[in-house]
Amino acid sequence: GFCLNRFFSALSPFLLTRLMTDVCPVCNETRSLAEMTLHINICLDKQATDATVVAPSRSSVATIPAPVSRSPAQPKSTTTTTSLASFGQNHITNKNTTSGPRIQPCGTDEIEEHVRRICKFTAVGPEIVTAVLRNFSGNMSDAETEILTLTDSKSAMWLSKDRPLPKQDCPICMSEFSVPDMYTLDCPAAHRACRGCLQHLIGVAMKDHSAPTCPQQCKYPLTEREVGHILGEGPEFEQFKQQQLQRALQGNELIKGCPTPECQGWTEILPGRKDKVTCSSCKGEYCSQCQRQPYHYCACDQVDNFTKEWYAWIRRDRQQYYSTLRRAERAYSQDMKQYQAKLAKHNEDQQRHIQAFDEKMGDEDYKAKNCRLCPHCNKVIDRTTGCDSMVCGQDTYGGNVQNGCGKKFNWAEAQRYVPEQGQKPQWKQMAEREPDQILKVHHGDYLVCDGCQNEINGLRFNCLHCPSFDLCETCECAMFNQQLQHPAAHVFQIHHTAPNQR
């Protein structure tokens with residue numbers, strides 16, 4: 001928030017006095033209360049002269065002592081006080097006073113008319129009025145205020161400034177000018193220079209954001225009133241007043257200017273605290289401690305490092321990381337295919353061995369139940385049908401000749417077949433190991449991506465400028481390709497490890 005009490009205390013007193021204004025009932029111009037009486041009388045006199053009508057009644061003119069003629073050698077001025085109740089209720093406003101009519105150089109009919117009117121309603125001599133008007137060539141408002149506040153010492157100063165000199169060289173451009181065509185500063189030595197050089201001097205100082213000073217060795221700082229006389233009312237003078245206000249507020253630790261370019265907003269802050277500040281003028285957000293934009297939710301001394309890492313990631317590291325990751329994924333995919341092919345062949349061989357053993361054990365069981373041994377050659381004999389009279393290697397009555405000794409024997413007396421006993425082969429694992437998988441950090445079940453709402457595996461991208469905004473690798477690529485919308489000025493911190501592994 002902005003504290004008006006602190007703001008006004010930072011301003012110089014002469015700025016505050018200019019805020020007390022009222023509206024002239026004759027010309028509707030805004031003037032300070034100090035000069036209102038004189039201004040109304042001048043306006044009434046001018047109105048009467050221009051319209052060639054009878055002068056306004058005495059009740060229309062504020063009560064002012066009659067003019068007293070004084071010689072230039074003994075100037076004396078009196079301060080007049082009148083009541084402004086007849087002009088409406090007084091106001092206090094923060095608007096600048098409206099500038100009065102421009103004053104022409106000395107010697108013109110217009111400035112003589114101004115002198116006549118002012119002398120008519122004040123006790124100031126025409127020589128002093130002429131000297132003041134000649135130096136206050138910016139506007140009538142400041143000239144009238146100065147005349148109303150004249151003292152003996154100030155009157156002597158104005159007369160000394162306006163003393164007639166034939167010619168004088170400008171100390172800057174070394175060109176010769178008449179004194180009325182030059183401007184005399186209020187420095188102790190009353191240095192003069194041509195208006196063009198002083199305007200250039202003020203312009204250079206404004207570009208450097210410094211206070212303009214006297215071009216001579218005294219280095220007298222020019223006041224706002226003097227700059228207004230030299231530049232006149234306009235954008236340049238408004239810019240000077242804004243810079244003067246900024247210089248006045250820069251020394252106040254409790255007030256900081258908005259870092260947004262071209263923004264003239266000011267905000268009151270608390271020293272030693274890191275707060276999120278929203279400018280009331282441009283609505284920009286920044287840090288009260290380091291004034292970085294936009295506001296960041298990390299320590300101020302870490303922002304530079306995170307910013308460098310983020311921009312390095314954007315320019316170079318992102319492409320390198322994903323290129324390396326893709327190569328690793330392709331290599332892993334190829335190795336995995338080879339491993340799976342070898343594993344399939346290994347499993348097929350193991351299955352064939354076990355199946356062959358099971359078939360052999362089935363044959364042995366069958367022979368143990370149905371076969372006997374030939375008593376002559378120990379051949380295994382299987383009797384399909386018939387009596388107990390057997391011939392080894394063929395049927396009893398001939399035919400079905402097989403590999404046998406051909407001798408006769410009795411089936412009932414033959415020895416039974418004893419089956420072979422074997423151990424079933426065990427399943428053997430393949431000696432070659434499975435390829436190592438590409439490991440990605442898991443950041444916990446509680447931490448999900450704000451883009452896809454899935455758990456984050458791999459790199460985690462945490463936005464410094466959002467209270468809580470995290471992205472996974474996939475959504476970060478989508479943001480980079482503008483498929484996911486997020487402010488481009490935001491910087492992300494890149495987390496390579498899980499929170500409990502740091």
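Predicted model: local features only at pLDDT ≥ 70, side-chain atom pairs only at ≥ 80, totals over all residues.
The largest nonpolar core comprises 23 residues, among which W310, W313, F461, L471 and F492 touch the most other members. Two or more residues are contributed to this core by each of α11 (300-370), β16 (460-463), α12 (473-480) and β18 (492-495). Helix α11 provides the largest share, six residues. Beyond its neighbours within four places in sequence, F461 is in contact with W310, W313, Y322, F469, D470, L471, C472, E473, E476, F492, Q493 and I494. A second, separate core holds 19 residues, including Y183, C214, L222 and F237.

Helix α5 (residues 126-135) is mostly covered, with eight of its 10 residues buried. The buried residues of α5 are I128, V129, T130, A131, V132, L133, R134 and N135.

Nine aromatic pairs were counted in the model. The ring centres of Y295 and Y297 lie 5.1 Å apart with their planes at 85°, and the pair is therefore edge-to-face. Within this pair, Y295 is buried, at a relative accessible area of 8%, whereas Y297 is partly exposed, at 40%. An edge-to-face arrangement is also found for W313 and Y322, with 5.9 Å from centre to centre and 70° between the planes; both W313 and Y322 are buried. These two residues belong to one aromatic cluster together with W310, Y321, F461, F469 and F492.

A charged side chain also meets an aromatic face: R318 is placed over the ring of F480, 3.7 Å from the ring centre.

Notes. Residues numbered from 1 in each chain as written. Heavy atoms only, no water. Core = buried A, V, L, I, M, F, W, Y, C linked by side-chain atoms within 4.5 Å. Buried < 20%, exposed > 50% of the residue type's maximum accessible area, 1.4 Å probe, protein only. Helix = DSSP H or I, 4+ residues; strand = E, 2+ residues; numbered from the N terminus. Contact = heavy atoms within 4.5 Å. Phe/Tyr/Trp six-rings, centres within 6.5 Å; stacked < 30°, edge-to-face > 60°. Lys NZ or Arg CZ within 6 Å of the ring centre and 35° of its normal.
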